[in-house]
Amino acid sequence: MPPKPKFTKEEIVAAAVEIVRQEGEDALTARSLGNKLGASARPIFTVFNSMDEVKESVREKAKEMFYSYRERICGEIGYPVYKAIGMAYIHFACEEKNLFRMLFMCERPMEVMTAEEGYDAAVRQAVEEQTGFSDEKGSLFHRENWIFAHGIAVMLATSYFQWDDELVGRMLSDVYAGLKMRHMQKESELEEEKKKLEEKKREYDGNSTGTKGKTV
């Protein structure tokens, strides 16, 4: 019979998460995790096949923590929902720097990325309710805003800059307003172009009908 696990999967992952939170992903090794658990590394591998599996479980737990954090922050700060989502992302980068780095500042194979990256149901609903943009337009609008918010978050997570909430909130609002205006302008331009094409078609159809009615 295989040896009975000394620790549960949840206990091992919880200890691993704490190592990453305090010291960063590079500090998470079999030895450091064993020390954190007050044991050797051996009990870890009665539950996991490798440290890569441990790290993947830590990432999944970190995602859960991020979404829980986002939901809580969105309910606490007095911003419109979409802005609150952006501010929560940035706050998480400040308060959980190492988890943020593990989740959002890591190299990933292209095959794990999707066109809807970061555009989950809560974000999609907020975008549609506040802008009227849906489907591809809403996704593009969010990605443009997210790129800006991610840049701020990275600079704060790496202590490159130290900005207060008021300034960050104002910058997010300015970018949001500018992008929304541009998308609405593009929509208006497309409608105008469509009207011109329809008018030209009517003129062409009219001229064609007139030509056919003439006798030689």
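Is Cys106 buried, exposed or partly exposed? Cys106 is partly exposed, because its relative accessibility is 30%, where buried means under 20% relative accessible area, exposed over 50%, and partly exposed in between (1.4 Å probe, protein chains only). Cys74 likewise counts as partly exposed, at 25% relative accessibility. A search of the whole structure finds zero disulfides, a disulfide being a pair of cysteine sulfur atoms within 2.5 Å.

The structure is a predicted model, in which local features need pLDDT of at least 70 and side-chain atom pairs count only at pLDDT 80 or more, while totals for chains, interfaces and linings use all residues. Residues are numbered from 1 along each chain as its sequence is written, and side-chain values use heavy atoms, with hydrogens and water left out.

## Overall architecture

The protein chain contains eight helices and zero strands; helices (H or I, at least four residues) and strands (E, at least two) are DSSP runs, numbered from the N terminus. The order of elements from the N terminus is α-α-α-α-α-α-α-α. Of the 216 residues in the protein chain, 32% are buried. Contact means heavy atoms within 4.5 Å. Among contacts between residues at least 6 apart in sequence, 64% join residues at least 24 apart.

## Nonpolar cores

A nonpolar core is a set of buried Ala, Val, Leu, Ile, Met, Phe, Trp, Tyr and Cys residues joined through side-chain atoms within 4.5 Å. The largest such core has 39 residues, and Leu28, Leu33, Val54, Val58 and Ile90 have the most contacts inside it. Two or more residues of this core come from each of α1 (9–23), α2 (30–37), α3 (51–76), α4 (81–95), α5 (97–104), α7 (135–157) and α8 (165–213). Another core, of ten residues, lies apart from it and includes Ile85, Tyr119, Ala126 and Val127.

Leu33 touches Ile12, Ala15, Ala16, Ile19, Leu28, Ile44, Met51 and Val54, not counting residues up to four places away in sequence. Within α2, Leu33 is buried together with Ala30, Ser32, Gly34 and Leu37. The buried residues of α2 pack against α1 and α3. Gly38 follows α2 and has a positive phi, near 75 degrees.

Arg70, in helix α3, counts as buried because its relative accessibility is 9%. Leaving out residues up to four places away in sequence, Arg70 touches Ile85, Ala88, Asp120, Ala122 and Val123.

## Aromatic pairs

Rings of Phe, Tyr and Trp (its six-membered ring) pair if their centres lie within 6.5 Å; planes under 30 degrees apart count as stacked, over 60 as edge-to-face and the rest as tilted. By this rule there are 15 aromatic pairs.

Tyr89 is buried, with a relative accessible area of 6%, whereas Phe104 is partly exposed at 24% relative accessibility. In the second pair, Phe141 lies in helix α7 and Tyr176 in helix α8, so the pair ties together parts that are 35 residues apart in sequence. Both Phe141 and Tyr176 are buried.

Ring pairs also link Phe66, Tyr67, Tyr69, Tyr89, Phe92, Phe100, Phe104 and Trp146 into a cluster.

## The surroundings of Tyr89

Not counting residues up to four places away in sequence, Tyr89 touches Phe66, Phe100, Phe104, Trp146, Ala149, His150 and Ala153. The C-alpha atoms of Tyr89 and Phe100, eleven residues apart along the chain, are separated by 9.0 Å. The side chains of Tyr89 and Trp146 are joined by a polar contact of 3.5 Å. A polar contact is a pair of N or O atoms within 3.5 Å; within protein, one must be able to donate a hydrogen and the other to accept it, and residues adjacent in sequence count only if both atoms are side-chain atoms.

## Helix α7

Helix α7 has 23 residues and reaches 31 Å from its first C-alpha to its last, close to the expected 33 Å, the expected span being 1.5 Å times one less than the number of residues. Its buried residues include Gly138, Ser139, Phe141, His142, Asn145, Ala149, Ile152, Ala153, Leu156 and Ala157. Ser159, which follows α7, has a positive phi, near 60 degrees.
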